[in-house]
Amino acid sequence: MLTIDLQTARRFILGRQGLWPGRRWRGSAGTEQAMREMEHLQLDPLQIIARSHDIALHSRVLDYKPGMWEEPTYGQRKFFDWGGWLAVRPMDELPHWRVLMGRERDGMYGSRIRTMGHEHAEAIAEMRAILRERGTVSNRDFEMATRTRTQSYRGRKDSALALYYLWRTGEVMTHHRERFERFYALTEAVAPAHLIFESDEATCDDFMLRKLVAFNGLTQLSTVGDWLARRVGATELKQWRESRLASGELLEVQIEGWKAPRVALASDAALLHELSAGRVPTAWTPLETNTSEEVVFLAPLDHVSARGRAKVLFDFDYVWEVYKPEDKRKFGYYALPVLWGDRLVARFDSKLDRTSNRFVILGLWLEDAALGSDEAFAAALARGFARFVSFLGASSLDATAIREPLLRRWVGAAI
């Protein structure tokens, strides 16, 4: 068993996700590389300043612009989107994901999709025929007046649920998006023919569990049913873990101060040893500035900080408050964490005034008040905001809401 300290664990998880010690990819080619290294790019339709997935790629890829992920996905067909937990995955993984699609169809992990298929069988058959005839369709192609109204949050028309069912069960895929709206096509019109098959069950399960370990970097592997779309008992999971540890495919890692050990891919052992020795792995060398010279803003759904991970890794309480009532919000509608070095040290809320094309900081909150007079942090914060404003395409920045004079002065002069 390898024992590491919390800083090494933090740097490994950040670096495995391409967030530390700085951006190591650039432009269109770098976007594709980042999407593969991230394992899953979670998509979210909400656009306040930018969509969460675009912010996630901006924090990893130099010269990234909103929507750049769509070309390798829908233009080049190197990726596809799928799932109740909506994310983009590499197209060459499709045979494994098609096993999960079949499990959803058969109701192996909850009956919601299977029930949808029974309740809207007539509309599903109709959508199949229409797709064969038209090639691509979107939900908006069908007027409410001509459809049966439904009460599902997945759609208000039977046609919407029928298309969604066909997509979740693998009969159709996303052909492209317009303003994030999905346009569907039959799977054979989207995916390469040699990838339209299902891998065997054991191969799929092994692949998905390895991908989960890679995605987390370090994990306890405690709950995996959602990832396999079937129920998995504790004994089965323990056997898989122990067999992979015995074969040398997994590495057991103890983080100082944490009770239970985690597992990592054995192929990441060299990275962990380099980091434990205080060195930056050569493959992680930043192309320009590092995160100490220029802060990085994490997306609200970034895996390293969302869903309670910020508290565990950084002792940083982070909750995306966008769905909270206004009077229940502590920091703001769209507050983003600020990564400086290998720590989350602040958060800010903001808006993009599209009338004036002005980026407005609504508030900045520091974890340590001493940072308000730290020149190095002020310079790094200003560089981060300058790059962020460029990414958004804003023409100016309003920093008057920043309370600390030093930080306000540096950020105000950022562009």
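Strand S13 (residues 262-265) is covered on both faces, since Arg 262 and Ala 264 on one side and Val 263 and Leu 265 on the other are all buried, where buried means under 20% relative accessible area, exposed over 50% and partly exposed in between, with a 1.4 Å probe and protein chains only. Strands and helices here are DSSP runs, numbered from the N terminus, with at least two residues (E) for a strand and at least four (H or I) for a helix. This is a predicted model, in which local features need pLDDT of at least 70 and side-chain atom pairs count only at pLDDT 80 or more, while totals for chains, interfaces and linings use all residues. Residues are numbered from 1 along each chain as its sequence is written, and side-chain values use heavy atoms, with hydrogens and water left out.

**Strand pairing**

- Strand S12 (residues 250-255) runs antiparallel to S13 and is joined to S13 by four bridges; two strands count as paired if DSSP finds at least two bridges between them.
- Leu 251 is the residue that stands opposite Ala 264 in S13.
- S12 and S13 form a hairpin with six residues between them, and in the turn Gly 257 has a positive phi of about 95°.
- Strands of a sheet pair through backbone hydrogen bonds, either parallel or antiparallel.
- An open sheet with mixed pairing is formed by five strands in the order S14-S15-S16-S17-S18.
- Strand S14 (296-297) and strand S18 (396-398) stand at the edges with a single partner strand each, so one side of each is left without a neighbour in the sheet.
- S14 and strand S15 (residues 336-340) run antiparallel and are joined by two bridges, and Phe 297 stands opposite Val 338 in S15.
- Helix H14 (residues 375-392) lies across S14, S15, strand S16 (343-353), strand S17 (358-366) and S18, and runs at about 145° to S17; the angle is taken between N-to-C directions, from 0 to 180 degrees, with axes fitted to C-alpha atoms, for helices over the stretch in contact, and contact means heavy atoms within 4.5 Å.

**Pockets**

- On a 1 Å grid over the protein atoms alone, a pocket is an open set of points with protein on both sides within 12 Å along at least five of seven lines, whereas a cavity is a set where a 1.4 Å probe fits but cannot get out, and lining residues have an atom within 4 Å of a point.
- The largest pocket holds about 1000 Å³ of space, a volume being the space filled by probe spheres set on the points, which are joined across faces, edges and corners.
- The largest pocket is lined by 39 residues, and the closest to its centre are Leu 212, Thr 223, Val 224, Asp 226 and Trp 227.
- Elements that give two or more residues to this lining include helix H5 (94-106) and helix H9 (201-216).
- The lining of the largest pocket has 19 nonpolar, eleven polar and nine charged residues, where Ala, Val, Leu, Ile, Met, Phe, Trp, Tyr, Cys and Pro count as nonpolar, Asp, Glu, Lys and Arg as charged, and the others, Gly among them, as polar.
- The second largest pocket has a volume of about 830 Å³, and among its 27 lining residues Pro 45, Leu 86, Arg 177, Phe 180 and Arg 182 lie nearest its centre.
- Strand S11 (181-186) is one of the elements that supply at least two residues of the lining of the second largest pocket, and S11 gives the most, with four residues.

**Cavities**

- The structure holds three cavities of 30 Å³ or more, and about 130 Å³ of space lies in the largest cavity.
- Of the 16 residues that line the largest cavity, His 40, Gln 42, Leu 301, Asp 302 and His 303 are the closest to its centre.
- The second largest cavity has about 40 Å³ of space, and Arg 77, Phe 79 and Met 173 are among the residues that line it.

**Backbone details**

- Arg 77, in the loop between H4 and S5, has a positive phi of about 60° although it is not a glycine, and Arg 77 counts as buried at 17% relative accessibility.
- Phe 180, in the loop between S10 and S11, also has a positive phi, of about 75°, without being a glycine, and Phe 180 is buried with a relative accessible area of 13%.
- The peptide bond from Trp 20 to Pro 21 is cis, with omega near 0°.
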